[in-house]
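User: I am new to reading protein models and would like to learn how to describe one step by step. Could you guide me through it?

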Amino acid sequence: MKKYMFNTARVAALVAGVALSGSALAAGAGPHIEEQKWSFSGPFGQFDKAQLQRGFQVYKEVCSSCHSLNYVAFRNLAEEGGPGFSEEEVKALAAEYTVVDGPNEDGDMFERPAKPFDRFPAPFENDEQAKASNGGALPPDLSLIAKARATGRGWKFFSDLFTQYQESGPDYLYNLLTSYEEEFPACAGEQSNYFNPKFIGGTLPAECAELHLTGGGIAMAPPLFDEAVEYADGTPMTTDQYARDVSAFLMWTAEPKLDQRKQLGLGVLGFLMVFASLLYYSKRKIWRDVDH
């Protein structure tokens, strides 16, 4: 009995620890990340294909000049639960890129048009070249950035035990992309980077401590501005919309099987409920005439 109580206490402590850690991340000393509404939120949410296609367009026309997408292949764009491009569209899209292949019969590497099974080529040949082209800063790969930057939304109800990190990564990306300020606070003095109060990795000089400012210097210049990308579906071409679309797309690159995983989970829960009901009524029928 004591062992059972001890194990129960351990489970309770673990659950409480998860709850407190989520709250601490959401309400800590770092920047306040405003929560957003996403089509894929919650256990029944699904990706919006049109939004994923727009987000891919933003990545292709803006982000891909500096940021790689090393873990995504062209053919992934046509898979179920993704942007919903056709196979022909994927082939045409891949052909726009050049990849290095080989060696050939002479032992030399060569270039060829990309094919659907190829992954997106990186914008730079190596990290040192990427740093040299970006003022010494290495642009991170964006394949998993939506999960890598998940910070937690805080503890609201029991389902947050499973979903509190699902939307927090896109929340952060959206906040970061829409929160650049033109100048650093006066207390920061001369700075060579750009000021973003939502940048979790940023720091400010000690002189700014009394002002309780958050964020700090970020090497990436503001990447988005109104009418930077031309949408063909009539969606507003604003910085806010671009940030929202590309954040959703990067959530998909990090969780490409999210829709299928949710569908499978709901099916499993339904099966378990039916199975539990059958067990309960079977037990009632078998034991109803037996004295206890």
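Predicted model: local features only at pLDDT ≥ 70, side-chain atom pairs only at ≥ 80, totals over all residues.

User: Which residues touch the most other members of the largest nonpolar core?

Analyst: Residues are numbered from 1 along each chain as its sequence is written, and side-chain values use heavy atoms, with hydrogens and water left out. A nonpolar core is a set of buried Ala, Val, Leu, Ile, Met, Phe, Trp, Tyr and Cys residues joined through side-chain atoms within 4.5 Å, where buried means under 20% relative accessible area, with a 1.4 Å probe and protein chains only. Here the largest core has 46 residues, and Leu69, Phe74, Leu77, Phe120, Phe249 and Leu250 touch the most other members.

User: Which helix supplies the largest share of this core?

Analyst: Helices are DSSP runs of H or I with at least four residues, and strands are runs of E with at least two, numbered from the N terminus. The largest share of the core, 9 residues, comes from α8.

User: What does Phe249 touch, leaving out residues up to four places away in sequence?

Analyst: Contact means heavy atoms within 4.5 Å. On that basis Phe249 touches Leu52, Gly55, Phe56, Tyr59, Leu69 and Leu77.

User: At what angle do α2 and α8 pack?

Analyst: Two packed helices are described by the angle between their axes and the distance between the axes. Axes are lines fitted to C-alpha atoms, for helices over the stretch in contact, and angles run from 0 to 180 degrees between N-to-C directions. In this model α2 and α8 pack at about 100 degrees, with their axes 7 Å apart. That makes α2 roughly perpendicular to α8, a label used for angles of 65 to 115 degrees. Among the residues that meet there are Leu52, Phe56 and Tyr59 in α2, and Ala248, Phe249 and Trp252 in α8.

User: Is Asn196 buried or exposed?

Analyst: Asn196, which lies in strand β3 (residues 194–196), is buried, with a relative accessible area of 0%. Leaving aside neighbours within four places in sequence, Asn196 is in contact with Leu176, Ser179, Tyr180, Gly215, Gly216 and Ile218.

User: How many helices and strands does the chain have?

Analyst: The secondary structure of the chain comes to 9 helices and 4 strands, and 36% of its 292 residues count as buried.

Technical notes:
Buried < 20%, exposed > 50% of the residue type's maximum accessible area, 1.4 Å probe, protein only. Parallel < 35°, antiparallel > 145°, perpendicular 65-115°, else oblique.
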